[in-house]
Amino acid sequence: MSQQEEKRPDGEATLRVSAMPRDVNINGDIFGGWVLSQMDSASGIVAGQRAKGRVATVAVDAMKFIRPVKVGNILCVWAWVERVGRTSMAVRIEAWAFRNRRGVYEKVTEAVFTYVAIDEDGKPRPVPAEDEVWPTE
Ligand SMILES: CCCCCCCCCCCCCCCC(=O)SCCNC(=O)CCNC(=O)[C@H](O)C(C)(C)COP(=O)(O)OP(=O)(O)OC[C@H]1O[C@@H](n2cnc3c(N)ncnc32)[C@H](O)[C@@H]1OP(=O)(O)O
C-alpha cells in the first residue's frame, strides 16, 4: 500500500499547525526538530490528560521521518495512549502533512513517545485509574 493510500487515524487531529518559512532548513524543507516538537506538544497533552496532571517525556522510540514537510503545509498530529504502565504511558503519534496545492494528506512522521506522570517535585507518581475523579484544586 502506498503512503497516499494509507488510512489516517480516526477522529479529529490532536494538533494542527501551519509550517512557516522560519522553520525551514538549508534544503528548503521544514526542520525535523520542529516536527518532533509538535509531536511532543500533541502527545504531551494526551499523556497529561490521561495522567490527570504533570508529565515528562522520558523516551522517544521508533521515530521515522517518512517524507519532508514543506512551507505552507498544515501539519496534523494524531496522538493516542497505547499502553499504561505503573507510572509511564506509551503514546503513539502520527503526523500527516496536508499539502495545500494538491489537496492531499501524506503521512510524514510516526513515533512512540513514553511519558512519566510526575508529582510537584518531578518524581514519578502512579498513573491514576481512568475513572478516578480529577483533583479539584
Ligand atoms: C489537571 C490535569 C491537566 C492535564 C492537562 C495537561 C496538559 C498539558 C500538557 C503539557 C505536556 C507537556 C509535556 C512536556 C514534556 C517535556 O518536554 S518534559 C522535558 C523533557 N523531559 C525531561 O526533562 C525528563 C527528565 N527525566 C526525568 O526527570 C526522570 O527520568 C523521570 C521522567 C522523572 C523518571 O524518573 P526515573 O527515576 O527515571 O523513573 P523510573 O522510576 O526509573 O521509571 C519510571 C517509569 O518510566 C519508565 N522508563 C524509564 N526510562 C524509560 C525509557 N528509556 N523508555 C521507556 N520507559 C522508560 C520505567 O519503566 C517506569 O515505568 P513504569 O513501570 O512505572 O510504568
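Q: Let's start inside: how many residues does the largest nonpolar core have, and which have the most contacts inside it?

A: Keep in mind that this is a predicted model. As a general idea, nonpolar side chains in soluble globular proteins tend to be buried together. Here the largest nonpolar core has 25 residues, and Val35, Met39, Val69, Leu75, Val77, Val91 and Ile93 are those with the most contacts inside it. Two or more residues each come from helix H1 (32-51) and from strands S3 (74-84), S4 (88-99) and S5 (104-117). H1 gives the largest share, seven residues.

Q: Which residues does Val91 contact, once its neighbours within four places in sequence are left aside?

A: Val91 is in contact with Ser43, Val46 and Ala47, then with Ala79, Trp80, Val81 and Glu82, and finally with Ala111, Val112, Phe113 and Tyr115.

Q: Now zoom out. How many helices and strands are there, and what pattern do they follow along the sequence?

A: The protein has one helix and five strands, and reading along the sequence gives β-α-β-β-β-β. The C-alpha atoms fill a box of roughly 45 × 30 × 30 Å along the principal axes. Of the 137 residues, 40% count as buried.

Q: What does the UniProt record place at residues 9-121?

A: The unreviewed UniProt entry puts the feature "domain: HotDog ACOT-type" there. Over that stretch the chain is 18% helix and 46% strand, with the end C-alpha atoms 35 Å apart.

Q: On to charges. How many salt bridges does a search of the whole structure find?

A: Twelve. Take Glu94 and Lys107, whose side chains meet in a salt bridge at 3.7 Å, N to O. Glu94 is in strand S4 and Lys107 in strand S5, so the pair ties together parts that are 13 residues apart in sequence.

Q: Are Glu94 and Lys107 buried or exposed?

A: Glu94 has 14% relative accessibility, so it counts as buried. Lys107 is buried too, with a relative accessible area of 5%. Salt bridges with shared partners also join Glu6, Lys64, Glu94, Lys107 and Glu110 into one network.

Q: What about the pairs Glu106 with Arg99 and Arg16 with Glu12: buried or exposed?

A: Glu106 and Arg99, whose side chains meet at 2.9 Å (N to O), are both buried. Arg16 and Glu12 form a salt bridge with their closest N and O atoms 3.4 Å apart, and both of these residues are exposed.

Q: And the surface: which residues form a nonpolar patch there?

A: Leu36, Val60 and Phe65 do, with about 250 Å² of accessible area together. Val60 belongs to strand S2 (residues 55-65) and is partly exposed, at a relative accessible area of 40%. For the protein, the accessible surface comes to about 8,000 Å², and carbon and sulfur atoms account for 51% of that.

Terms used. Residues are numbered from 1 along each chain as its sequence is written. This is a predicted model: local features need pLDDT of at least 70, side-chain atom pairs count only at pLDDT 80 or more; totals for chains, interfaces and linings use all residues. Side-chain values use heavy atoms; hydrogens and water are left out. Patches are made of residues with over 30% relative accessible area and no salt bridge: like charges are joined within 9 Å, nonpolar side chains (Val, Leu, Ile, Met, Phe, Trp, Tyr) within 5 Å. Accessible areas come from the Shrake-Rupley method with a 1.4 Å probe; for residues, only the protein chains shown count as cover. A salt bridge is a side-chain nitrogen of Lys or Arg within 4 Å of a carboxyl oxygen of Asp or Glu. Helices (H or I, at least four residues) and strands (E, at least two) are DSSP runs, numbered from the N terminus. Buried means under 20% relative accessible area, exposed over 50%, partly exposed in between (1.4 Å probe, protein chains only). A nonpolar core is a set of buried Ala, Val, Leu, Ile, Met, Phe, Trp, Tyr and Cys residues joined through side-chain atoms within 4.5 Å. Contact means heavy atoms within 4.5 Å. UniProt positions are given in the numbering used here, feature names are shortened, and annotations may be inferred rather than shown by experiment.
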